[in-house]
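Please read this briefing alongside the sequence and the 3D structure. The points are grouped by topic.

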Amino acid sequence: MQPTHAPRRDGIPLRADVDRIDPESQRFYKVRKHLMDPVECWHLVCPGLPPDPRDEAMRAGCSELCLHKDFYRFELALDGCRQHVLGVHDLHFEPAYWRAFDSAVKSGHLAFAFKKNHVAMAAGDEGVFVVLSRERGSVRWRVNTAFRPAPRRQDGPPGRNGSFLNAARRKWLAKTTQPAKARMRMSPTWSDPLAQELGAFLDRIEQERMEALDVHDAARVLVLMARAEQLGSSESLKSLLRRGLPHISGLATLAPPDEVKPLLVELDAACQAGDDPHGVLHDVLLDLDDWLSVAMFLEHHGVPLPTIANAAARDHVVRFVATRLALSPEQAAPLADWALARAGSLEPEPSPSSGDPYAPVMALWQAVVRASATAHPVKRPTESLGAHLVRILDAISLTGVIPRDAFASSGIDLGQEPVEIHRWGDAVLELTIGQDLRTPVLQVSGTEGDEAPRGTRDGTPLTFTRDEFQAWLAEARLGLHHVSLRGKTVEFTLTTS
């Protein structure tokens, strides 16, 4: 097939570069997992497909077990079942994901996944989200999966194509864009779609009054306005925000903040399930980001909030997320880069009078970064110098945690995972990033009761302070360090190499 668009210089694939889902077992699995899930409402975009495609599949010989979305044993399905499901792929699923790909190319909703140039994502006009990947070094791409993200409250009511489209594009923005202010100023990828959608809503309000919106529309407008304020470097966003501010009281009356407990229950379930962290867990964190952002946006502009969204409720959300993710560090670790980037986009502009209106959102993503710190501890060569002193044999690089040149150029590239230095039982000493996401710090976590570390840098005493997560922090600088806890001391050197 010949490409229908001019070749792209940014590496994003053309239709002619992409192969369909393969092998057959994957086509079988993806159709059952997504197209046959009634929640995704594929009948709205696939003419001739019944609302619940599982009924026809069972008549074709598929057992209830074979149709379960987590059933992987392709070879155990009966021939009639396999043929039916693969036929549904060819007749309905494949044409739908190619339409999604083509429309995403035309609308500009095809891009690399965040920090991954071997994964691309497309959000089609019918609310179909397509994920493609290629082997490193290969020029050929393959469709990995296609699905219709379930609409959240701010996307619109379930069962409406517009709601699925909103959900797909919201997911696309979250998963493909590096949301740092420095990057946003250089690229319209994030701000342009936001400005277009917010502008269309404001046109409706101004032409038809507030009665033109339903509760879902109002909730979405508030999310878009909060985002516009956070990304306010764009003149178009500033202009839209000025247009929207007179309407925020009416919007908040129509769509007051939801009860947040269901999101916390969903977060706990996602952590327990241990599925792909970039799936449900990331989605729930994004929903909590939206909830906190809207609450802070309304409060910042003087709109009274219900008790369920007051300062105490927001603090509870952040503490719950921090506590729960600390129990599932492997789930948090894959999201650490995105969390750092999102937190980087929230650095407040200098405004002594207003302070930082988005501190709870920053704290939410800091909790993800902190939880990821314990996922993959690194063992370092040591030697014992008697019963009370352990020496780290290799010097530890400050710039390995925070590459200063990368930070200066992008504003958010804060390096990889924290560096574990030493453990005293459950207590751990790490070199990591401070709460401002800029300053390198020594962190001792996992202490009990009132026990506190002591230490020196080149003979000068270190000052450890305790943060809200009960970890002890001291600024990390170059030099020879001794840190003591529970009667034992670790010796190590921090360098720039």
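Tyr 97 lies in helix α3; helices (H or I, at least four residues) and strands (E, at least two) are DSSP runs, numbered from the N terminus. The model is predicted: local features need pLDDT of at least 70 and side-chain atom pairs count only at pLDDT 80 or more, whereas totals for chains, interfaces and linings use all residues. Residues are numbered from 1 along each chain as its sequence is written, and side-chain values use heavy atoms, with hydrogens and water left out.

- Tyr 97 has a relative accessibility of 0% and counts as buried (buried means under 20% relative accessible area, exposed over 50%, partly exposed in between, with a 1.4 Å probe and protein chains only).
- Leaving aside neighbours within four places in sequence, Tyr 97 is in contact with Arg 20, Ile 21, His 89, Val 130, Val 143 and Ala 146, where contact means heavy atoms within 4.5 Å.
- Val 131 is 34 residues from Tyr 97 along the chain, and their C-alpha atoms are separated by 9.7 Å.

**Confidence of the model**

- The protein has a mean pLDDT of 80, and 82% of its residues reach 70 or more; pLDDT is the predictor's confidence in each residue, from 0 to 100.
- Where pLDDT is low, the predicted coordinates should not be read in detail.

**Helix α1**

- Helix α1 (residues 24-35) has 12 residues and reaches 15 Å from its first C-alpha to its last. This is close to the 16 Å expected at 1.5 Å a residue, the expected span being 1.5 Å times one less than the number of residues.
- The buried residues in α1 are Arg 27, Phe 28, Tyr 29, Lys 30, Val 31, Arg 32, His 34 and Leu 35.
- These buried residues of α1 pack against α3 (79-107) and β5 (141-147).

**Nonpolar cores**

- The largest nonpolar core has 68 residues, of which Leu 251, Leu 285, Leu 288, Phe 297, Val 321 and Trp 365 touch the most other members. A nonpolar core is a set of buried Ala, Val, Leu, Ile, Met, Phe, Trp, Tyr and Cys residues joined through side-chain atoms within 4.5 Å.
- Helix α11 (residues 280-300) gives the most to this core, with 12 residues.
- Beyond its neighbours within four places in sequence, Leu 251 is in contact with Ile 205, Met 210, Leu 213, Ala 218, Val 221, Leu 222 and Met 225.
- A second, separate core of 39 residues includes Leu 67, Ala 77, Tyr 97 and Val 130.

**Cysteines**

- The structure holds 1 disulfide, a disulfide being a pair of cysteine sulfur atoms within 2.5 Å.
- Cys 62 and Cys 81 are joined by a disulfide with an S to S distance of 2.0 Å. The link is right-handed, with 100 degrees about the S-S bond.
- Because Cys 62 lies in the loop between α2 (54-59) and α3, and Cys 81 in helix α3, the pair ties together parts that are 19 residues apart in sequence.
- Both Cys 62 and Cys 81 are buried.
- Cys 41 is buried at a relative accessible area of 12%, and Cys 271 counts as buried at 6% relative accessibility.

**Strands and sheets**

- In strand β16 (residues 479-485), 5 of the 7 residues are buried, so the strand is largely enclosed by the rest of the structure.
- β16 pairs with β12 in the antiparallel sense over 4 bridges; two strands pair if DSSP finds at least two bridges between them. Arg 457 stands opposite His 481 in β16.
- β16 and strand β17 (residues 488-495) run antiparallel and are joined by 7 bridges, with Leu 485 opposite Lys 488 in β17.
- These two strands, β16 and β17, form a hairpin with 2 residues between them, and Arg 486 in the turn has a positive phi of about 55 degrees.
- An open sheet of 5 strands has the order β9-β10-β11-β15-β14, with antiparallel pairing. Its edge strands, β9 (419-424) and β14 (465-466), each pair on one side only.
- Strand β11 (residues 440-445) pairs with strand β15 (residues 472-475) in the antiparallel sense over 4 bridges, and Gln 443 stands opposite Leu 473 in β15.
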